[in-house]
Amino acid sequence: MPRTSIPAKSSTVLAPGDPGSPVLLITDCDHDTFDAEIAVARQAGVELRLAQARTAQEVVAAAAGAAGLVVQYARISAAVLDALPGLRVVSRYGVGVDSVDVVAATARGITVCNVPDYGTEAVADHAITLALAASRGVARLDRAVRAGRFDLRAIRPVGQVRGSVLGVVGLGRIGQATAAKARGLGYEVVGCDVRAPGTDGEFHGVPVAPLDEVLRRSDVVSLHTPLTAVTHHLIGERELALMKPTAVLVNTSRGGVVDTDALVAALGEGRLRAAGIDVHEKEPVPAGHPLTRLENVVLTPHLAWYTEESYTELKRRTVQNAVDVIAGRAPRHVVTEAAR
């Protein structure tokens, strides 16, 4: 999406309110339209403003007097919360809230909201797309054909889907949807989840096993876990060494779940066949990053969530969560309910 050109330390009014109306600030956002947000704010009688504030100082300057924040990338730390005494809610565009200090918000009576169930089908679709594209070397073949080369040796051997094992790490809504789509294509599916009771049987209809076993068995490993202190670099050098050298790693969860340096080494040294990566430890990916120089990687720019339907739903519901808190109503999705 094109980035707006609002100066970082200022804000522009998208939906004016009456004198004394509570102010809701979108701290930063690279979407190209704000019609959905404006419609919700107008109906609620909330003044909606937009800035492009990323640093703590920029957020505090732009959000002075705001009752709520809507956040895309900006980090909302304890220091930011302390500098905004009138703040009641932080609502994030998306599922993850790793950019918000939820513990600090809870301690200060500030509600944190997210939209955990938007784009479920879109992300699952993208995960399967990356799995197939990486497994079959589609991007690499495309580049070869454009250069006048008709040669499949670079991507051999290619196995068929039926009979292959797809491991799903994280069996929340998106993980479950990915598992269902994978089964429909003919994959044998196995999964793991910290909430699964025990290490055998099924969880949400998916056979489960310990993470190490899932990694060893799978021809494709698809990651669908949130980024927390526990899951940071969940897939590192040790875990990659457990995987088959013919396996593919797919990540549509959070970039920090994978140790990027370890992944680059495994791919470059032929210890892992390929990877499909939508989320990155540094976003946007720096020019010349080692991942961009590897032929056996399919890269997309953190857009697995995107369809026109999910785009509009995300925008509308993120602002709706915030205005509900400001109005004293229970929002649809709450990470911490301290503000009620």
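Is D193 buried or exposed in this structure? With a relative accessibility of 15%, D193 counts as buried, where buried means under 20% relative accessible area, exposed over 50% and partly exposed in between, using a 1.4 Å probe and protein chains only. The side chain of D193 meets that of R195 in a salt bridge of 2.8 Å, N to O, and R195 is partly exposed at 49%. A salt bridge here is a side-chain nitrogen of Lys or Arg within 4 Å of a carboxyl oxygen of Asp or Glu.

The model is predicted: local features need pLDDT of at least 70, side-chain atom pairs count only at pLDDT 80 or more, and totals for chains, interfaces and linings use all residues. Residues are numbered from 1 along each chain as its sequence is written, and side-chain values use heavy atoms, with hydrogens and water left out.

The largest nonpolar core holds 30 residues, of which L14, L24, I26, F34, L48, V70 and Y93 touch the most other members. Such a core is a set of buried Ala, Val, Leu, Ile, Met, Phe, Trp, Tyr and Cys residues joined through side-chain atoms within 4.5 Å. At least two core residues come from each of β1 (11–15), β2 (23–26), α1 (35–44), β3 (47–51) and α11 (308–326); helices (H or I, at least four residues) and strands (E, at least two) are DSSP runs numbered from the N terminus. Helix α11 gives the most, with seven residues. Beyond four places in sequence, the contacts of L24 (heavy atoms within 4.5 Å) include L48, V70, V319, A322, V323 and I326. Apart from this core lies another, of 27 residues, among them I235, L240, L263 and V297.

An open sheet of six strands runs in the order β8-β7-β11-β12-β13-β14 with parallel pairing, two strands being paired if DSSP finds at least two bridges between them. Its edge strands, β8 (188–192) and β14, each pair on one side only. Three bridges join the parallel strands β13 and β14, and A275 stands opposite V297 in β14. Helix α10 packs on this sheet, touching β12, β13 and β14, and its direction makes about 145° with that of β13; axes are lines fitted to C-alpha atoms, for helices over the stretch in contact, and angles run from 0 to 180 degrees between N-to-C directions.

Within α10 (residues 260–268), T260, A262, L263, V264, A266 and L267 are buried. Their cover includes α9 (237–242), β12 (248–251), β13 (274–277) and β14 (297–299). At the N-terminal end, D259 caps α10 through a side-chain oxygen 3.2 Å from the backbone nitrogen of D261. After the helix comes G270, with a positive phi near 75°.

In the segment after α11 is T336, which counts as buried because its relative accessibility is 6%. Its side chain makes a polar contact of 2.8 Å with the side chain of T106. A polar contact is a pair of N or O atoms within 3.5 Å; within protein, one must be able to donate a hydrogen and the other to accept it, and residues adjacent in sequence count only if both atoms are side-chain atoms.

The whole structure contains 21 salt bridges. One of them joins K181 and D125 at 2.9 Å, N to O, linking helix α7 (residues 173–185) to helix α5 (residues 120–135) across 56 residues. A network of salt bridges also links D117, E313, R317 and R332.
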